[in-house]
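User: I'm new to this one and would like a walk through it. Could you show it to me?

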Amino acid sequence: MRGNFLRRVIPHGILLIYIGLILFPLGWTLNSSFKTNKEIITSPWSFPDQLSLSNYWNAWSGGHVGHYFMNS
């Protein structure tokens with residue numbers, strides 16, 4: 001009975017750790033994408049003071065992301 005329980009718990013624990021390793025950097029990247037350059041440097045672990053879409057606008061217009069979408 002105990003062996004059967006461990007065979008179910010250990011893979012689930014490994015999957016939970018794996019999910020955390022994937023979602024943490026993704027969440028941090030999404031959180032940082034709304035920050036200004038100063039906020040990223042001064043407080044990388046905090047939430048942004050206000051949601052700013054200027055980074056997305058700069059990437060779309062200055063980085064030509066729209067052109068890359070059309071090419072792929």
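Analyst: One term before we start: buried means under 20% relative accessible area, exposed over 50%, and partly exposed in between, with a 1.4 Å probe and protein chains only. This is a predicted model, where local features need pLDDT of at least 70, side-chain atom pairs count only at pLDDT 80 or more, and totals for chains, interfaces and linings use all residues. Residues are numbered from 1 along each chain as its sequence is written, and side-chain values use heavy atoms, with hydrogens and water left out.

User: Is Trp45 buried or exposed?

Analyst: Its relative accessible area is 62%.

User: How many aromatic pairs does a search of the whole structure find?

Analyst: Rings of Phe, Tyr and Trp (its six-membered ring) pair if their centres lie within 6.5 Å; planes under 30 degrees apart count as stacked, over 60 as edge-to-face and the rest as tilted. With that rule, the number of aromatic pairs in the whole structure is five.

User: What is the angle between the planes of Trp28 and Trp45?

Analyst: These two form a stacked aromatic pair, 4.4 Å centre to centre, with 20° between the planes. The pair links distant parts of the chain, 17 residues apart: Trp28 sits in helix 1, and Trp45 in the loop between helix 2 (37-42) and helix 3. Helices here are DSSP runs (H or I, at least four residues), numbered from the N terminus. The angle asked for is 20°.

User: Which kind of pair do Phe34 and Tyr56 form?

Analyst: Phe34 is in the loop between helix 1 and helix 2, and Tyr56 is in helix 3, 22 residues apart. Their ring centres are 5.7 Å apart and the planes are at 55°, so the pair is tilted.

User: Where does the side chain of Glu39 reach at 3.0 Å?

Analyst: Glu39 is found in helix 2. At 3.0 Å, the side chain of Glu39 reaches the backbone nitrogen of Asp49.

User: What is the phi of His64?

Analyst: Most residues other than glycine have a negative phi. His64 lies in the loop between helix 3 (54-61) and helix 4 (65-71). Although His64 is not a glycine, its phi is positive, at about 60°.

Methods: Helices (H or I, at least four residues) and strands (E, at least two) are DSSP runs, numbered from the N terminus. A polar contact is a pair of N or O atoms within 3.5 Å; within protein, one must be able to donate a hydrogen and the other to accept it, and residues adjacent in sequence count only if both atoms are side-chain atoms.
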